[in-house]
Amino acid sequence: MSRSVLKPKALAFLLVAAGFLSACGGGGGGGDSDHSDADWSTNPAGAATFNGAAAAYQGSISGLGSIVVNGVRFETTDSVVYDSDDFSTNYDSNTSTFSSPLSLGMTVALFGDVDDTQSLGRAARIRVVGGVRGTMSAITSSAITLPTQVIQINSATTYGGTSDGTLIAAAAVTTYADLAALVNTHPLLTVYGLAQPDGSFWATRVVVTNAATHALDVAVRGTITSITGSTYTVQTGPASSITVDCSACTIQPTGNTPVVGDAIRALAPLSTDWDGTTLTATRLQLVNAAYLTLFNGAPSASTYVKIKGVATQTNGNWYVGGVQVSGATLTANTLYEIKGTWSGSTLVASRVEIEGQRSFTNGYNQAVTYSNEFYGAVSNLSGNTFTVQGVNVNASSAYFPTGSIANLSNGTFVEVKGVYQSGTLNATKVEIKYASNSNASSGRVFEMYGQVGGWSGINSTFNLTRLGVTYTAQTSANTRFKYGTPSNGSYVEVKGYMDANNVFQVIKLELKNGYHDYDD
């Protein structure tokens with residue numbers, strides 16, 4: 001198989017840190033008349049200090065309360081977030097087009113800056129990376145069958161949406177069993193995920209989708225294995241391929257030409273654009289890691305990147321996610337996270353991780369691994385179980401560095417690490433972060449989404465409801481509002497902290513116009 005060669009535009013996937021963040025206002029977003037560089041957060045997660053270096057990351061979201069990508073917790077309330085169904089160089093603007101919550105299992109590419117010592121970051125731009133879309137015809141515990149390809153699932157796959165893809169009198173889909181119960185209704189699914197070493201596509205998140213919210217109801221993910229004119233043969237599984245007719249489609253990012261070896265996403269408006277062997281596409285997205293992290297700016301040796309992908313070797317050179325990697329000993333067909341600096345043509349690796357290597361040391365001086373982490377307030381506490389950021393947590397075997405399960409109450413701020421399986425985070429560590437009398441926000445700031453109720457103006461308390469849980473929140477004269485103040489029924493993203501009385505003190509509030517909590 002020939003190897004994709006990065007074009008000059010594709011090489012420009014890293015940013016110059018200070019200059020770019022200043023130029024874009026820290027990712028403030030269009031129409032934010034109150035925004036200035038001075039508002040760019042200096043204390044993500046409430047950290048006392050933050051020393052960030054410019055960075056681009058690509059991978060799946062493995063934690064919430066901010067978002068966690070490849071082990072770094074990124075603040076998002078100053079981010080411009082782009083929808084996955086478009087992907088062009090002109091699309092890199094100051095206007096967000098994706099207003100739904102960023103959810104566990106979504107795949108994203110982002111840039112901003114990162115304090116690597118604290119594993120904290122600030123995301124200026126976030127591109128939601130699209131996956132597969134189509135109607136479900138069959139499902140087992142290991143696979144979902146769509147007309148165009150078979151998707152692999154396992155116990156770590158997350159689920160979203162509702163039983164009919166809308167919010168009206170529809171039950172939430174949160175588990176495999178919820179989705180399997182819908183098989184005879186053939187729901188439209190949006191499937192986020194990652195390509196695997198055998199050529200299959202593994203679902204990190206599956207969402208029951210409302211067709212009315214998308215102009216493109218068919219999407220395929222795979223790797224180009226041959227090209228004849230504007231017709232592409234695309235591998236979609238270990239022993240399966242389809243033909244993509246791109247004679248009338250747009251290539252994204254603009255100005256690039258697909259080559260054999262490129263990872264692609266092909267999209268079409270209607271199910272009738274698929275005839276069983278050929279997809280007549282209207283859009284072809286190049287989704288190698290180098291393209292996904294293509295934002296405004298230029299390569300810089302002072303900027304670093306962290307990408308996730310499968311390792312391959314061609315002509316003695318190693319590639320991960322379509323990016324050439326040097327300075328590392330890799331194993332072919334292994335899924336890696338690679339961090340390094342950009343030399344202008346090669347990612348010079350400084351850290352190599354295999355999935356599942358993150359760990360902490362417990363009270364018995366044992367290394368305990370984890371794959372997911374959540375930051376937020378406890379709700380629905382019952383015995384050893386509770387929820388954080390809408391995720392069910394089982395803490396029966398968790399290590400508590402301070403206190404115990406008996407010290408939890410609804411509204412307690414916690415940091416939870418563990419392994420997400422079959423709809424539940426099996427916690428290996430629960431850290432209670434108590435409010436300090438001198439600084440209640442120190443190390444305790446997090447972000448969440450919700451719907452506003454009981455709003456009576458600034459300097460007053462109001463209700464913030466998400467996924468059936470209602471929090472008491474309060475704004476102040478120091479609260480920063482993006483896109484104006486809310487009204488009852490508004491959907492918002494908020495940054496703040498729980499005070500000693502379990503009231504969420506709002507530091508930043510961003511209105512989410514076009515918000516769809518049922519279709520992410």
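Modeller: The count comes to 17 salt bridges, each being a side-chain nitrogen of Lys or Arg within 4 Å of a carboxyl oxygen of Asp or Glu. This is a predicted model, where local features need pLDDT of at least 70, side-chain atom pairs count only at pLDDT 80 or more, and totals for chains, interfaces and linings use all residues. Residues are numbered from 1 along each chain as its sequence is written, and side-chain values use heavy atoms, with hydrogens and water left out.

Take R265 and D85. Their side chains meet at 3.2 Å, N to O. R265 lies in strand 18 (residues 263–268) and D85 in the loop between strand 4 (80–82) and strand 5 (107–115), so this pair ties together parts 180 residues apart in sequence. Strands here are DSSP runs of E, at least two residues, numbered from the N terminus. R265 and D85 are both buried, meaning under 20% relative accessible area with a 1.4 Å probe, protein chains only; exposed is over 50%, and partly exposed is in between.

Next, D116 and R351. Their closest N and O atoms are 3.1 Å apart. D116 sits in the loop between strand 5 and strand 6 (120–128), and R351 in strand 25 (residues 347–354), so the pair ties together parts 235 residues apart in sequence. D116 is partly exposed at 23%. R351 is partly exposed too, at 34%. Both belong to a network of salt bridges that also links K306, K308, E337, K339 and E353.

Last, E415 and K433. Here the closest N and O atoms are 2.9 Å apart. E415 is in strand 32 (residues 413–421), while K433 is in the loop between strand 33 (424–432) and strand 34 (446–453), 18 residues apart. E415 is buried at 11%, whereas K433 is partly exposed at 23%.

Conventions:
Helices (H or I, at least four residues) and strands (E, at least two) are DSSP runs, numbered from the N terminus.
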